[in-house]
Amino acid sequence: MFFRTYTTASSSQMEAALAKKDVTLRELMDEEDIINECKLQNKALMEFLVKPDVIEELITLTTVEPSPDIEECTRFKYSNIACEILTCDVPSINERLASDQALLSKLCAFIDCEPPLNPLLASFFSKIMGVLFAKKAVQNWLSYEMTCLQVLDFLKAKENFISLLLRHLGTSAIMDLTLKLMTQVEGEVRENNLKWLNSQQVMQSLVSLLDPSVDSERHYNVAQLLCDFIKTSRESLKTAFKENYPNPLLDTLESPETISLLIDHMLGEDKVESCIVGGIQVLLLLLELFEYGHEDFPPRIGRYNTIVAITNRLGDFQLLLLDPPKKQPITTTFGLLDPPLGNTRLQITKLFATLISTQNYEVLPKLIKLGTFNVLLDLFFQFPWNNFLHTQVESCINFALTPAPFADADIEALYEDLVLNCKLPERILEAWKQNNQKTEDKNVRQGYMGHLMNIANLLNENVVNDILKDKFPELAESFSTFTQTTLKEVINMRSTVLGGEIPHYSDEEVDEFGDAVYPNELQEQSFARYQLNNFVPQLMDKYEFNDDFNDTDTMQTIMDHRMNMNFDLSEGITVQPQELFKQVCAQNISTLDDADQIFEDFMNTLDPGQILEDIMNNSTAEKQVDNNFGTYNVDSEEEDDSPPVDEDDAFLRLDGQLAGNSESAVAPISMGNVWSNNEKTAADADNIGWANFSSASFDNFEANFENATDDAQRAVATDIKVENLKLNSNEPDYFDSKGFAQMLKEALSPLASSIESPLKDIPESEIQHTNKELRSAEKKDVDNRSSPNVPTHEPDDKLREQHGDI
């Protein structure tokens, strides 16, 4: 279905049309978006539509047939649009219609005529009236109560409204409107509406229409109306509260008087099939077992009333089996049917089967007395190709032979009736013989053989053989031989399940393949294919998969370790990584803080003026750098991606020892396995908790120390190579304090040369005075930084401004 998205452009068009002077209704109806604007309750449009002359014109368009001179394609265009406008379920339009009795009178005048009605205009009328009083899924209850009450008051005041509806029940739209009036009025007016309809004897009037003198169209529509009313009313009783329980219309329909009236009209002097079939449809629905949704409701007696009423007229119904309404012969592929079975006899047979299934103690004796089973069996064999009839006759015999609370005398009477009066065993044997003969001659099987087999099996399971032995010994022997040989063989063949297993009929979810057994090899191959199809592409290279998947065994071997992997994690394993992560984070943060503190302390110790003076003199640079830097590695701070400094690292400690005095360096101690001796002495017991180095070996101490020194130098040299610092063999050793000072001097020599030229013209005394003031300002700045109450500021830049970029 196409849904158009309306925008403000459509509203603008409608506003423009409404702004025209003397705009007419048909001009607005030519607008494409008028229906949507009505549903959106356009204020200007609503004000226009509720004008008396406009809304009256809308009623006229929906109730008066257009001129036949208009083209058929556009003849009912405005009538259809007018109906859609009036049924948009807009409160303003509904209230305007319900409050104006003149408009309602004009609307109801449509059915105040002789039938038949125009079907299209009748649907418009039914739709408009239904909007005014029928319930809806979403509605404004206050507006609904108001409009519904006003409309029902008007209909009650109009004395002939019900009779007008009944007159036109041949039109399906009027039948729908009548059903809405009986079932879809909700709220506080529901009970009053049902009482009013019951006082108008609506049910008696409807039942009276099932008379042979009434046209067949109304027969079918009345029967459909009554059946729908019974279903809807009973369904509402299952969910109704006790205060909403009373339904006078349903009580009247289920009363003995109304049911007897219905049967009297059906079984009149004139036999009309539409009248009889329609009445039987209503009786079958009344015979259905009904249970309330609440236990505190009184039991309904409509079913019992229907059983009694039908039982009293069983003879008349059976006469219809023997003398049905006349029907024309029918030619079929198997010959001429003259007369055909007809719907009347089929429905009466169905009525008898339903009546017997109620297991009422009055039904079975009456049927036996009337010889109904014999009549049914005659029809069974008379129409061998009507399976609808065969099904109902089999149901009658099945329900009659089913154990029920019947008197023993009635059961014995039934068996004697089937054996003696109906001669059912003899008919079964004769029909079987004729079927075999026709099968041999024409290769055609009789249409009733399946149902006949079921009936023969029912007789065999009951005590019919005992009656045959007493009355007809020869027939008993023949029937026993037939049941033990032919019938048993056919039944066994029919009971064999195709495929070897009974299919699952349960609504519950079951395994589609049940307990089917599959070879282990097939299971492994299927599982391997499943894993292969579901493998993520990122793992293909890891497991060395390629495009050749022919070797299934190799593939299975590759993935065996994945199937056997244990992914169970204990609580300790899951907690340990979290603790380790916290420890590493704390250690790194502490290391970084220490490194920052070392760098700050180092910078605070530097004297820029002194360093510059030493560079200029080129005599004391090595001493100054050696005293200030010590063993600090400047490159470690210039590396952005280097790992944080660990004070406990063995290589850094060794580096510090190499850079310091060799006399204070401690070489690694080579010792044996101190845990090799497990025996403890008394001295060991007295010195628990203290390390014992008595077994340590200090042999080859100097050789071990030299090896460790060489390893440390190679490691540091590798780090320098990573930083693209190419070292030549002739260059000085940068890994002690003096070498580092020389490297720093070479790095700062370009800067010194750039500073040296402008300093040549400055007197020596002025340079020394400037250095002195710089040191004083730097010291003052350091003191201010160390004081928490004094804000930090930069050194005085006056001197720098006087002497350039020094």
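Okay, let's start with helix α21, residues 342-357, and helix α24, residues 387-401: they pack at an angle of about 20°, with axes 9 Å apart. That angle makes α21 roughly parallel to α24. This is a predicted model, by the way. The crossing of α21 past α24 is left-handed.

So who's touching whom? On the α21 side, the contact residues include Leu346, Phe352, Ala353 and Ile356. From α24 you get, among them, Phe388, Leu389, Val393 and Phe399. Sorted by class, the contact of α21 with α24 has ten nonpolar, four polar and one charged residues.

Now the aromatics. How many aromatic pairs does the structure hold? Seven. Take Phe334 and Trp385: their ring centres are 4.3 Å apart and the planes sit at 20°, so that pair is stacked. Phe334 is in the loop between β1 and β2, and Trp385 is in the loop between α23 and α24, so the pair ties together parts that are 51 residues apart in sequence. Is Phe334 buried or exposed? Exposed, at 56% relative accessibility. Trp385 counts as partly exposed, at 39%.

Next up, Phe479 and Phe482, and this aromatic pair is tilted, with 6.3 Å centre to centre and 40° between the planes. These two are three residues apart in helix α29, residues 473-495, so about one helical turn separates them. Phe479 is buried at 0% relative accessibility, and Phe482 is buried too, with a relative accessible area of 7%.

Last one: Phe380, Phe381 and Tyr448 are linked into a cluster by ring pairs.

Conventions. Residues numbered from 1 in each chain as written. Predicted model: local features only at pLDDT ≥ 70, side-chain atom pairs only at ≥ 80, totals over all residues. Heavy atoms only, no water. Axes fitted to C-alpha atoms, helices over the stretch in contact; angles between N-to-C directions. Helix = DSSP H or I, 4+ residues; strand = E, 2+ residues; numbered from the N terminus. Parallel < 35°, antiparallel > 145°, perpendicular 65-115°, else oblique. Left-handed = near helix turned anticlockwise from the far one by under 90°. Contact = heavy atoms within 4.5 Å. Nonpolar A, V, L, I, M, F, W, Y, C, P; charged D, E, K, R; others polar. Phe/Tyr/Trp six-rings, centres within 6.5 Å; stacked < 30°, edge-to-face > 60°. Buried < 20%, exposed > 50% of the residue type's maximum accessible area, 1.4 Å probe, protein only.
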